Amino acid sequence: MTANNIIELKNIDVTFHNGDQTVKAVQAVDLTIEKGDIYGIIGYSGAGKSTLVRVINLLQTPTNGTVTVNGQQLQQLAPAALRQARQKISMIFQHFNLMKSRTVLGNVEYPLLSQKISQAARQQKALQLLKLVGLADYAQTYPARLSGGQKQRVAIARALASDPEVLISDEATSALDPKTTKSILALLKKLNQDLGLTIVLITHEMQVIKSICHNVAVMDAGQIVERGRVAQVFTAPQAPLTVDFVETSTNVKAAIERITNTIDLAGLAANQELMYFNFIGNATKEGIISQYSQQYQLDVNILFANIDQIDGENVGYMIAIITGDLAAFNPAIAKRVADGVKTKIITTENGLEGLA
Ligand SMILES: Nc1ncnc2c1ncn2[C@@H]1O[C@H](COP(=O)(O)OP(=O)(O)OP(=O)(O)O)[C@@H](O)[C@H]1O
């Protein structure tokens, strides 16, 4: 374990036995997370994300493998030491899990009840945390009176009460509208920056990963099928599942379906092709297509265009019908791949296959 790694999961298996059915929820997963990272785990429902993150604090005991957090192998700890280690790993959930019968302050104070501190100190700490999440005015309110976003803020304040080093977010924004999601993600980012909190965030939405994570693992059927820096994984996806997440989130998939359903590709002239372009980084600013259209006197009919930001990097997507000297243009644009320009000719590539 290097000093910088706060979480190291090695060769983790989790197998459930439901009657005579065996479910391999997590299979042979290695996962290393650096201190101070915001690490995303993305996958569809049933991929094993929740099971995997519950292994981090041994809420789920793995069938196989070792769990090391902050240099301590958790399975080797005596119960009291494990309790202490667990306090440094907090969780927030999709449905907030607040206690209805307690006020907002009472909820945030709750994890502090087992600590040997005075009532006044406990209340003061809870109030400070409420201030941090922007809810100081709601201390005496009951959860039922709060919006979803406010409830999640209370849950975050409660999660911070034990001064955790790791915060696990299990679909914490999945029940929220897009604007509230954005504000909760901004709060998590702030906590990561201001407190140095390591965040492990699981989601099925790529937008969530793109907006705050630095690293990502893509999970499918209990295994990690791809991982790395968010910009790298989402601009050059390798696994088919990652390609699928990228195309869905950028609306490219829907655009190609719409375009290929409404345009008669067989009716294109010999000097015409339907083409998909993907621009990364500086290539989004250079006006490469307008440069080539002048150079080769092409006619470019843009049918879809979108620009996105992934981990601070611009990524552009465009679908267009190109008319002109294709024999000159196609090899010229293919040479720009090192500059962050990727292309596919949809007319001959049979629609969606292998696009990203
Ligand atoms: N306690 C359990 N007992 C039996 N099977 C379980 C248990 N928990 C999870 N599973 C099974 O393990 C698999 C992975 O579930 P898990 O909840 O980890 O997936 P997920 O990716 O988090 O999905 P979701 O986003 O829907 O929660 C599923 O097939 C699920 O039915």
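The legends below describe close-up views of a predicted model.

In this predicted model, local features need pLDDT of at least 70 and side-chain atom pairs count only at pLDDT 80 or more, while totals for chains, interfaces and linings use all residues. Residues are numbered from 1 along each chain as its sequence is written.

**View 1. The two domains of the chain.** The domain assignment, which is automatic or from a database, gives domain 1 as residues 5-230 and domain 2 as residues 250-349. The centres of domain 1 and domain 2, taken over C-alpha atoms, are separated by 41 Å.

View 2. Helices (H or I, at least four residues) and strands (E, at least two) are DSSP runs, numbered from the N terminus.

**View 3. The packing of helices H5 and H6.** Helix H5 (residues 148-160) and helix H6 (residues 178-195) pack at an angle of about 15°, and their axes, lines fitted to C-alpha atoms over the stretch in contact, with angles running from 0 to 180 degrees between N-to-C directions, are 10 Å apart. H5 is therefore roughly parallel to H6, a term for angles under 35 degrees. Gly148, Gly149, Gln152, Arg153 and Ile156 in H5 meet Thr180, Ser183, Ile184 and Leu187 in H6, where contact requires C-beta atoms, placed from the backbone, within 7 Å.

Methods
Parallel < 35°, antiparallel > 145°, perpendicular 65-115°, else oblique. Contact = placed C-beta atoms within 7 Å.
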